[in-house]
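Please keep the sequence and the three-dimensional view at hand while reading.

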Amino acid sequence: MFATLSDRLTATFKNLRGKGRLSEADIDATAREIRIALLEADVALPVVKDFVAAVKERARSEEVSGALNPAQQVVKIVNDELVAILGGETRRLRYAKSGPTVIMLAGLQGAGKTTLAAKLALWLKEQGKTPLLVACDLQRPNAVQQLQVNGEKVGVPVFAPEPGNGTGDPVSVAKASIEEAKRRLHDVVIVDTAGRLGVDAEMMAQAAGIRDAVQPDEVLFVVDAMIGQDALITAQAFLDGVGYDGVVLTKLDGDARGGAALSIRHVTGRPVMFASSGEKMTDFDVFHPDRMASRILD
Ligand code: GDP
């Protein structure tokens, strides 16, 4: 994951080894290398600019601490700045104070929402919760069935329109699911919504309608990290069209460059909360900015 970025940054730090202090020229050269590394990783330009400016400023102004040599100091600064652009603190899920916590998933078709819904349900179950999955993607053929198959895999019930009952209307299904959750004492409801292949006004309106009907505690935008900077355009469109509280990055296992992962927080102002990194139901975890930064700099 993010191998090129890791390699490039490591090579940059190597050039600084053995230096007693950093000259202005060293700092400039390092900043240039970091800039190239981030651009090659497909990080968005405004993010690259802010990142490099922050590293430069700190490299110039920070007292060289006794314990670290200049090369180590630069590694520390880059690490801190990576943690910062990845969101700083881990953002935990907020649970409702009373009644079921409602989590709504939004994103393009193929982003990995349906898979993610089941992964999240399994993770919640492991936290001692009793989730209910709700199939509100009534557009894509097989989406309901796919959620049911995934629900079965993780042992979590799925609320869906009765087969043969027409396609139903996703807002009514979403509303009814909350009643069902209350009746059956589910403490978390995960609502999977319909996506399209591209950003589309009708899809946004439907997601906004579901949002208004169920008043989610958390709206999570699910995005395929492998699509790079396109993820940022989609993220902005969903921010305008539906709004969301946090981001879930999927397919990190196939994301060689890392551009979306490193840019999305800065571009949207929303924290990455979870990451999915494979097709297995357990390939899922809370997103920890510090751990991700360490992996990049490992
Ligand atoms: P949806 O249209 O947003 O509901 O997307 P799906 O959940 O159907 O996922 C689309 C495809 O991506 C499926 O083939 C999934 O198995 C695959 N997928 C989902 N998450 C991941 C992931 O984290 N890694 C990989 N490699 N594939 C994933």
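Two strands are said to pair if DSSP finds at least two bridges between them. With that term in place, the points below describe a predicted model. The protein chain has 298 residues, of which 53% count as buried, and its secondary structure comes to 11 helices and eight strands.

**Overall form**

- Along its principal axes, the C-alpha trace of the protein chain spans about 75 × 35 × 30 Å.
- Among contacts between residues at least 6 apart in sequence, 78% join residues at least 24 apart.

**The sheet**

- Eight strands form an open sheet with mixed pairing, and their order is S3-S2-S4-S1-S5-S6-S7-S8.
- Strand S3 (158–159) and strand S8 (284–286) stand at the edges with a single partner strand each, so one side of each has no neighbour in the sheet.
- Helix H6 (residues 143–154) packs on the sheet, where it touches S2, S3 and S4. The direction of H6 makes about 165° with that of S2.

**Strand S4 and its partners**

- Strand S1 (residues 101–106) runs parallel to S4 and is joined to it by five bridges. Within S4, Ile-190 is the residue that stands opposite Ile-103.
- Strand S2 (residues 131–136) also runs parallel to S4, and six bridges join the two. In S4, Leu-133 has Ile-190 as its bridge partner, while Val-134 has Val-191.
- Strand S4 (residues 188–193) is mostly covered, with six of its six residues buried.
- In a regular strand, side chains alternate between the two faces of the sheet.
- Both faces of S4 are covered: one side carries the buried residues Val-188, Ile-190 and Asp-192, and the other carries Val-189, Val-191 and Thr-193, which are buried as well.

**Nonpolar cores**

- In soluble globular proteins, nonpolar side chains tend to be buried together.
- The largest nonpolar core has 74 residues, and the members that touch the most others are Val-78, Leu-82, Phe-238, Leu-249 and Ile-296.
- Helix H4 (residues 70–85) supplies the largest share of this core, namely seven residues.
- Apart from its neighbours within four places in sequence, Leu-82 is in contact with Phe-51, Leu-262, Ala-293, Ile-296 and Leu-297.
- A second, separate core contains 28 residues, among them Ala-121, Leu-122, Val-248 and Val-286.

**Helices H3 and H10**

- The axes of helix H3 (residues 45–61) and helix H10 (residues 259–268) come within 9 Å and cross at roughly 90°. Angles of 65 to 115 degrees count as roughly perpendicular, and H3 is therefore roughly perpendicular to H10.
- H10 is mostly covered, as seven of its 10 residues are buried. These buried residues are Gly-259, Ala-260, Ala-261, Leu-262, Ser-263, Ile-264 and Thr-268.
- Just after H10, Gly-269 takes a positive phi of about 75°.

Conventions
Residues are numbered from 1 along each chain as its sequence is written. This is a predicted model: local features need pLDDT of at least 70, side-chain atom pairs count only at pLDDT 80 or more; totals for chains, interfaces and linings use all residues. Side-chain values use heavy atoms; hydrogens and water are left out. A nonpolar core is a set of buried Ala, Val, Leu, Ile, Met, Phe, Trp, Tyr and Cys residues joined through side-chain atoms within 4.5 Å. Buried means under 20% relative accessible area, exposed over 50%, partly exposed in between (1.4 Å probe, protein chains only). Helices (H or I, at least four residues) and strands (E, at least two) are DSSP runs, numbered from the N terminus. Contact means heavy atoms within 4.5 Å. Axes are lines fitted to C-alpha atoms, for helices over the stretch in contact, and angles run from 0 to 180 degrees between N-to-C directions. Angles under 35 degrees count as roughly parallel, over 145 as roughly antiparallel, 65 to 115 as roughly perpendicular and the rest as oblique.
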